[in-house]
Amino acid sequence: MMGEKATIRDVFIEGIYRRMHEDKDIFFLCADFGSPKLDALREQFPDRFINVGIAEQNLINVATGLALEGYSVYAYAIAPFLTMRCYEQIRVNLALHAQLKEININLIGVGAGLSYDVSGPTHHCLEDISIMRSLPNIEVFSPSDWILAREFIDYSLQEKKPKYLRFDGKPVEQIYTDPSIISFKKGFTELHRGDRVCIISTGYMTHKALSIVKKFHSEQIPIGLIDAYMLKPFDEKAFYRLASKYSCLITLEEGFTGKAGLDGLVAKILVDQNSAIRLIRMGFDDKYVFDIGTREYLHKLQKLDEAEITSRIRVLLSES
Amino acid sequence: MPRASKELISQLIKRSAWIRKETLLIHKTAPETRIASSLSAVEIFVVLYYGGILRFFPRDPLNIKRDRFLISKGHGAISLYPILADLGFFDKQELQAVCKDGTFLGGIPDAVIPGFETINGSLGHGPGVACGIALALNRKGRSESVFVLMGDGELYEGSVWEAIMFAGEHKLDNITLILDNNQICMLDYCNKILNLSPIEEKFRTFKWDVTTIDGHNVEQVHHALATLKNERNGKPKVLIANTIKGKGVKSLETDALCHIKTLKPSEIDMIVGELE
């Protein structure tokens, strides 16, 4: 049912738990981080579940050893700690190894963007897209809804590569009803067709973009919307074929802009194509967020609230 | 574990001298290599490969029945190159090309070289990866052993202690961690940087079995490794091999900065002459 709410990690973990019954080559590690759905897994598979403790570096290294011996490994922790506390372990043991050997390690990071709004900047995760995309041989998955995450379970087992899964921490509404429009090889899906302006968003921000685009459509103003969920690899040619019909693209992400985030991904494609399409990057400025408040309050401070984005789009429409 | 025969010990001593010489000759053509670190581990490598400790398959290096040997102190493993070549992991001719254009034998070995399991060069990774491998072997009911060679300077890395804590708690008794305790980092003696002693007590506290030996005495190295490999008593093992950084080269043995020291070709010729 469209609009049904669920927590991405719970849907994904429940799916892995089901697979563990038949697939004896799955190992699940966590760095002292839970989920209601993890309890059954922990209880049922004490031989293939280990909590390594609050030790992200060892989480990655133990996962590496298991994967080198043929296990498909899921390593689960809070996103900023999973990506940044142990970045060098990820670089050396995942990115470098994966160029020489087949290792299937799925890093499940929970708390993308400002999921953990009131916990402050240590728990915010605004760098992960950019730093993980910088590493060769690692795929980056940034789902907007739980259907994408559910569909990713098979892919995560079949593609024997290191992957970073950046999951939102809060329950999210279902966006996709027809899984056949999802393509992890392509990396994105066009959710709405527009004529001049198109938003490209990822993760949580796709929900906000969807709401904005729907309002414009109700005013007979067709704004395009592309949900980018595989930020690496990304089918650049297919994307450009779709994007080139617009005169203005807007990237919308809960991440720092001007680095290698979603905006960097789109900017690179436009530069490679020598394109004259205008690119507007919406996301976070180059500073940390110490303000306390709900996610929406923090978005408002950053001018990422619906009203502000909508009025910026109206200005763009008047200019284009 | 019965003691090794006198014949084997005498062979291992001769092999060690030969490997020391071969390592110096590699350093002569590839001065980028870390010679002092590589010399402290010579007897450890020789006993593992020629002393019947490690199970390996030169023509099929990734054979599932091999013992896994992780070299966490990758920079100090140049002395393993002549051993792997001699045993047929790759052509001996390659030894003359170390660090030259197009070779796979770099200043720090990686898994591109037949016989090397992992990515090396960044310190403190071996013990954690070894834990994962040991756990996998354990869960799959496999009997192969996991060996890790680590330098004492690596004990400064926090990731090492995460792994040491993990191995003890999970009773990974198929791991033998060999500590090449040469007591010198890049810039100074470890006891002048942050004194690591007592190393034994630290490991015991984390539920490891500890054995300490003279790492240049092949009889002691052999006896310890042969014993530890087969002891499955619910505890990981650490073999603290007290060694001398730059062993066999007097100008290195007495220099706190020997890690970054390069020997001149004329010095090498003289030392090699003495070894012969």
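Me: Two residues are in contact if their C-beta atoms, placed from the backbone, lie within 7 Å. Among contacts in chain A between residues at least 6 apart in sequence, what percentage join residues at least 24 apart?

Reply: A quick heads-up: this is a predicted model. Take the contacts in chain A whose residues are at least 6 apart in sequence, then keep those that join residues at least 24 apart. What you're left with is 79%.

Me: What radius of gyration does chain A have, next to that of a compact globule with 320 residues?

Reply: The C-alpha atoms of chain A fill a box of roughly 60 × 40 × 40 Å along the principal axes. For 320 residues, a compact globule would come out near 20 Å, and chain A agrees with that. Its radius of gyration is 19 Å.

Me: Which strands stand at the edges of the open sheet of chain A, each with a single partner strand?

Reply: The sheet has 5 strands with mixed pairing, in the order β9-β11-β10-β13-β14 of chain A. A strand with a single partner has one side left without a neighbour in the sheet, so look at the two ends of that order. Neighbouring strands here are turned by 20° against each other on average, direction ignored. The edge strands are β9(A) and β14(A).

Me: In β11(A), what is the bridge partner of F188(A)?

Reply: β9(A) and β11(A) pair in the antiparallel sense over 4 bridges. β9(A) covers 188–192, while β11(A) covers 224–228. In β11(A), F188(A) is bridged to A228(A).

Me: What angle does the direction of helix α10 of chain A make with that of β13(A)?

Reply: Helix α10(A), residues 262–272, packs on the sheet and touches β10, β11, β13 and β14 of chain A. Helix α12(A), residues 306–319, lies across β10, β13 and β14 of chain A, and runs at about 145° to β10(A). For α10(A) against β13(A), the angle is about 145°.

Me: Over to chain B: what is the order of the strands in its open sheet?

Reply: This sheet has 5 strands and the pairing is parallel. Its edge strands are β1 (68–71) and β4 (209–214) of chain B, each pairing on one side only. Neighbouring strands are turned by 20° against each other on average, direction ignored. In chain B the order is β1-β2-β3-β5-β4.

Me: How many bridges join β4(B) to β5(B)?

Reply: These two strands run parallel, with β5(B) taking in residues 237–242. One of the pairs is D209(B), whose bridge partner in β5(B) is K237(B). The number of bridges between β4(B) and β5(B) is 6.

Me: Is Q220(B) buried or exposed, or something in between?

Reply: Q220(B) lies in helix α9 of chain B, residues 218–230, and beyond its neighbours within four places in sequence it is in contact with I213(B) and D214(B). I9(B), 211 residues away in sequence, is 9.8 Å away in space, C-alpha to C-alpha. Being buried takes 20 or more other C-beta atoms within 10 Å, and being exposed takes 12 or fewer. Q220(B) has 19, so it is partly exposed.

Me: Why is chain B as compact as a globular protein of that length, and what is its radius of gyration?

Reply: Chain B has 11 helices and 5 strands. The globule rule gives 19 Å for 276 residues, and chain B comes close to that, so it is as compact as a globular protein of that length. The radius of gyration of chain B is 18 Å.

Me: Which helix gives the most to the side of chain B that touches chain A?

Reply: The contact takes 19 residues from chain B and 22 residues from chain A. By class, the side of chain B has 12 nonpolar, 5 polar and 2 charged residues. Helices α5 (126–139) and α6 (158–169) of chain B each supply at least two of its residues. The one that gives the most, with 10 residues, is α5(B).

Me: What ipTM does the predictor give the complex?

Reply: Chain B has a mean pLDDT of 96, and 99% of its residues reach 70 or more. The complex gets a pTM of 0.97. The ipTM is 0.97.

Conventions: Residues numbered from 1 in each chain as written. Chains lettered and ligands numbered in written order. Predicted model: local features only at pLDDT ≥ 70, side-chain atom pairs only at ≥ 80, totals over all residues. Nonpolar A, V, L, I, M, F, W, Y, C, P; charged D, E, K, R; others polar. Pairing = 2+ DSSP bridges. Axes fitted to C-alpha atoms, helices over the stretch in contact; angles between N-to-C directions. Rg over C-alpha atoms; globule rule 2.2 N^0.38 Å. pLDDT = per-residue confidence, 0-100.
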